Amino acid sequence: MNIGGYVGKILRVDLSSSKSSVEELGPSFIEKWVGGVGFGAKYLYDEVSPGVGWSDPENRLIWTSGPLAGSGVYGAATFNVISKGPMTNLAGSSQANGFFGAYLKFSGFDGILFQGKAPSLVYLWIRDGRAEIRDARFLAGKDVWETEDALRKEMEVKERDVSIYAIGPAGEKEVLYSAIVGDRGHLAAHNGLGAIMGSKNLKAVVVYRGKRNFEIKDPERLKERNEVLFEVAKVSGPIYQWGSGGGFSAVYGMGGLPVRNYTTNLYPEHERMNGQYMRTHFEIRPVPCYMCRMAHVKEVTVTEGPYKGFVAEEPEYELLSAWGPQIGNTDLGAVVMLSHEVDRLGIDCNESSWVIGWVMECYEKGVFSRKDLDGLDMKWGNVEAVKVMLGKIARKEGIGDLLSQGVMRASQRIGGEAADWAVHTLKGCTPRGHDHRGGRWPELFDTCLTNTSTLESTWGPVQPQVVDLPPIIDPFSHEEVSTFNAKFNGIRQFDDCLGTCRFASPDPKLVVACVNAVTGWDLSLEDAFTIGRRVINQLRVFNFSHGMKKEDERPSKRYGSIPVDGPAMGKNIMEKWEAMVENYYSLMGWDPKSGKPLPETLKKLGLEDLIKDL
Amino acid sequence: MNSVTVELWLWLGRELKEDFESLSEMRSARKEVVEEGTNIGQLLNHLANRYDPFRQEIFDIREKRLHPQVVLTYNDRVISPHDLYEQVLKEGDKITIMPLYTGG
């Protein structure tokens, strides 16, 4: 392989026949699609036809690394998972960090493509370019931590000798928002990718540490740019010092915390629930990802309250918001407990917290009785009841069977007013752990119009200034938000091609410089945008081919409602929604009425083959 | 003359500990007395001229506007940066300045 950063091989695993084969990646394919979501988008489009359902054996589950993973760029060991996902029945792309993205390459592959369905539960073992499909029936029903422990024991390896990603009981039961979880608490969570593993009878994937087996074209340049990147990352927000929870109170201050299922924006306890409080009151130990100097991932011991002594991974922001304000809980120790529980079961914390918050609101308002909820007293803040309910969801027991379908489907089944209280998009995916009505309009808009079933153009707010565009001035301006979401779109999907972590790589220009040093290419920032936009348009045509409707690119009634109190009280994004959408479509090179990519847009991106499919 | 409270959240207050009273581990504040008719933009400009960290992290005195990674609330409601020079301060008003958080 003459391009640095690549092994040049994809492993194809046919679970139906229990056979695997190796496919070479050509340079033109690599240059066009780069890796991660790029590789995934191309394979998904080519191999999953319209009409194939998410749980059909013909669906593909595609795990891909990228050129920076394992290259020595700090914290670069991310991998991307893409498939046709159950929440939206459209493309779903999600990433996880830890070690896997680097170890997969060290084991001989840039990616794995799963197809078919195994006759019984199996796991995939990969080492030094060899792959074996092994019996996993002894792992049935185990949670993801137990699965990691059992596999390490069976293989007689130490903690960091292998990277393991698996599904828990939720994935095995095909709960629609199951996650793929590994390396002790990292998740590819959105759009039910874990349910697809379950549908294929694939319990886990194991890759060995191995040794670097690809070239770095300009090691000196990489070293120099990498150091600068780290210095920039250290001062980009609170992550280095306080973790992602360090922004919790800042999000509250602009009305962005989800409190009791969007029924209020008041949560005065936020100062005792944030990353600063956790890191100054609980015991903390670092458990960094592969070669990460940011080292924001920690393990904590709770030091106060009912869960004193509980040891688990430190909750990220998303978990703090999910198991704190969204369910009316004000005990930080309980957040640690529930975060650990949801990860062990292998469920997406975002979707599950929208489900639980909705159940609690329905219980408070009399839609659900205690009997309806299998005897559970689902009042706001009852964390022990939440823990039991999560277990019911993961195993589809009792009321958990309905709730395992996610908040959109469950609320539609109950109907009446309760259907209006669910937070989701009309496509079926749900937002991350914020109240996007408060100062996060870019993310609300992105969540509704995305082609990945989670973020596409934003990372919370957009940051036009990091790519030399003028900054957004007013986060509540309909025109500014839709314009800048379009102008900024592309660079974040480029990120997701690379196998790197955004927390460790927040500066796009430095990231492009690192890519060039690794690969030997001479990409510009504009090239990076083009690659990202190519991925977006590929997925958009896929989604239209698979039944996406323009009318579904909007929030549910509650998700798009007007905050009744708090810092963003009275702000109404829906007031000019149609104008925002039309403006965005136009700037993206899409038909302003239908939202379909225009032929000239596809041609410009080298996607002329897709024109016929529209 | 009107007395107005200026509150800084999280790391925005870290370099101004001597001039802002600590309210909690993440909040600090000071009272400012402003002339009748002073608007928010004028007060921010005044503070940016007085304090280097304020100028570097919060208010751009050359462009006369907030830095992009900053959010401002007026009496606990988010206010559009376009309205800074429209909103005249009254006795007892509070403005809170906090970082715009990305990621999470």
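Predicted model: local features only at pLDDT ≥ 70, side-chain atom pairs only at ≥ 80, totals over all residues.
Trp441(A), Pro442(A), Glu443(A), Leu444(A), Phe445(A), Asp446(A), Thr447(A), Cys448(A) and Leu449(A) are buried in H17(A). That makes 9 of the 9 residues in the helix, which runs over residues 441-449, so H17(A) is largely enclosed by the rest of the structure. What do the buried residues of H17(A) pack against? Their partners are two helices of chain A, H18 (478-488) and H22 (577-587).

Now for the nonpolar core. The largest one has 221 residues. Ile180(A), Ala204(A), Val206(A), Ile347(A), Val359(A) and Cys514(A) are the residues with the most contacts inside it. Helix H13 of chain A, spanning residues 349-364, gives the most to this core, with 9 residues.

Ala204(A) is worth a look of its own. Leaving aside its neighbours within four places in sequence, Ala204(A) is in contact with Tyr123(A), Ala136(A), Leu139(A) and Thr147(A), and also with Leu151(A), Ile164(A), Tyr165(A) and Ala166(A).

Next comes the place where the two chains meet. Chain A puts 31 residues into the contact and chain B puts in 23 residues. On the side of chain B that touches chain A, the strands E6, E7 and E8 of chain B each supply at least two residues. The largest share, 3 residues, comes from E8(B).

Here is how the residues on that side of chain B divide:

| Kind of residue on the chain B side | Number |
|---|---|
| Nonpolar | 12 residues |
| Polar | 8 residues |

Methods:
Residues numbered from 1 in each chain as written. Chains lettered and ligands numbered in written order. Core = buried A, V, L, I, M, F, W, Y, C linked by C-beta atoms within 7 Å. Buried ≥ 20, exposed ≤ 12 C-beta atoms within 10 Å, placed from the backbone. Helix = DSSP H or I, 4+ residues; strand = E, 2+ residues; numbered from the N terminus. Contact = placed C-beta atoms within 7 Å. Nonpolar A, V, L, I, M, F, W, Y, C, P; charged D, E, K, R; others polar.
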